[in-house]
Amino acid sequence: MKVRSFRMAGNMNLRLAAAAVALPVAVFGLAACSGLQGGQAEVYSESFFAMDTYMTFTIYGANADTALKQAEGQIKELEGLWSVTDTGSDIYAANHSGGEPVVVDEKTFELIDFVLDMAEETGGALEPTIYPVLSAWGFTTGENREPSAQEIAELLKSVGYEKVQMEGGSVCLEEGCMLDLGSVGKGFAGDEVVQVLKESGIESALLDIGGNIQAVGTRPDGSGWRVGLKDPFSGGVLGVIKISEEAVVTSGSYERYFIGADGKRYGHIIDPATGYPVDNGLASVSVIAGEGKLCDALSTALFVMGLEGAKDYWQQNQDFDMILITEDGSIYITEGIKDRFSLQEEYRNMLVNVIEGMTISES
Ligand code: ADP
Ligand code: MG
């Protein structure tokens, strides 16, 4: 019989010093660091607004200009398919089909299939049908409100990824159930763009998709990309992660939130188990892995799971790395990025805990 024994080595303190304390609230996420001008390579960079966010694509090499246009076109096309509000989108059609199956684009099918898998994998922490609850809190319009417990309970009845069926190119939602791909769409789109760029012969590019960072290859000089991890409290750059051919995606409640009548902060990521915005002591979760879609799905799901849940999930999967920042100012990183992550000078006194892998034994 296969036995998995979970022996988690204790957290190793890289730096023993007082953790940061109450800091002012601000925007957080990831930012591409400077140092983009590598060698003599031809470089094109463009910023634009799509999928409800700002994107900046920086592409090196011959054909960079045409590749950039293609990449932008790809994003616009996917946006058209996945918008929740655009009446011409696949998602709109699925959400307003009155329980009937709707034929969707191949890419939409692929994305929904992936999201449903991840919802199951994460025990429902990732819940692509949370939309009615998200709307009740006003996150879809920006006019935030605090729904009553009764209203939330009522809305939760129409939430559940098992209410989404897929068959032969079509998707079918139970009546009242609504899909929202906001938690993974950008990551999936990033993977598509990476693919398009590679097919155009691009070997070096950095995509900033509304804070999701995705890299093609390395910098033109062969060194890794330096990605800044933003301080969820102050907005400053807290640390730097070196990546190549990978994605880094962050989720948290500091980007989109409102302050309720009770003075509490309510963020845009909802705990599907309660219908309330996540409030578990985590300030942000960043996931580093090869694929943007995995990073995006996991950053949202691990944020819902909380520190202990996220550690457990990582122990059992380990096909990604993560950086967790708690509201009391501690940092937890997985061992795989220990040597690729460094704190900025002014954060050097923060406590960094390294989460080490379990030993798998068979008997
Ligand atoms: P962002 O899109 O801000 O970078 P995320 O990838 O974490 O951040 O996605 C958050 C979005 O996902 C929310 O704005 C909402 O549309 C949706 N969402 C909120 N809670 C959940 C959840 N538990 N599971 C799946 N999607 C969620
Ligand atoms: Mg996400």
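This is a predicted model: local features need pLDDT of at least 70, side-chain atom pairs count only at pLDDT 80 or more; totals for chains, interfaces and linings use all residues.
Residues are numbered from 1 along each chain as its sequence is written, while chains are lettered from A and ligands numbered from 1 in the order in which they are written. Local features need pLDDT of at least 70 and side-chain atom pairs count only at pLDDT 80 or more, whereas totals for chains, interfaces and linings use all residues; side-chain values use heavy atoms, with hydrogens and water left out.

Let's begin with ligand 1, which sits in the largest pocket. A pocket here is an open set of points on a 1 Å grid over the protein atoms alone, where a 1.4 Å probe fits and protein lies on both sides within 12 Å along at least five of seven lines. To sit in one, a molecule must have more than half of its atoms within 2 Å of the pocket's grid points.

Around ligand 1 there are 19 residues, counted as near if one of their heavy atoms lies within 4 Å. Those that come nearest are Glu 127, Asp 180, Ser 251, Ile 270 and Thr 300. By type, the shell divides into eight nonpolar, five polar (Gly counts here) and six charged residues (Asp, Glu, Lys and Arg). Helix H7, residues 292–317, gives the most to this shell, with three residues; helices are DSSP runs of H or I with at least four residues, and strands are E runs of at least two.

Now for the polar contacts, meaning pairs of N or O atoms within 3.5 Å. An oxygen atom of ligand 1 lies 2.7 Å from a polar side-chain atom of Thr 300. The backbone takes part as well: a polar backbone atom of Ile 270 is 2.8 Å from a nitrogen atom of ligand 1, and one of Ala 125 is 3.1 Å from a nitrogen atom of the ligand. The protein covers 95% of the 570 Å² of accessible area that ligand 1 has on its own, by the Shrake-Rupley method with a 1.4 Å probe.

Turning to the strands, three of them form an open antiparallel sheet in the order S5-S7-S6; two strands pair if DSSP finds at least two bridges between them. Strands S5 (102–103) and S6 (164–167) stand at the edges with a single partner strand each, so one side of each has no neighbour in the sheet. S5 pairs with S7 (residues 170–173) over two bridges, and Val 103 has Ser 170 as its bridge partner in S7.

Elsewhere, S10 (residues 225–230) and S11 (residues 237–243) run antiparallel, joined by six bridges. They form a hairpin with six residues between them, and Gly 235 in the turn has a positive phi of about 85°.

Definitions and conventions: A polar contact is a pair of N or O atoms within 3.5 Å; within protein, one must be able to donate a hydrogen and the other to accept it, and residues adjacent in sequence count only if both atoms are side-chain atoms. On a 1 Å grid over the protein atoms alone, a cavity is a set of points where a 1.4 Å probe fits but cannot get out, and a pocket is an open set with protein on both sides within 12 Å along at least five of seven lines; lining residues have an atom within 4 Å of a point.
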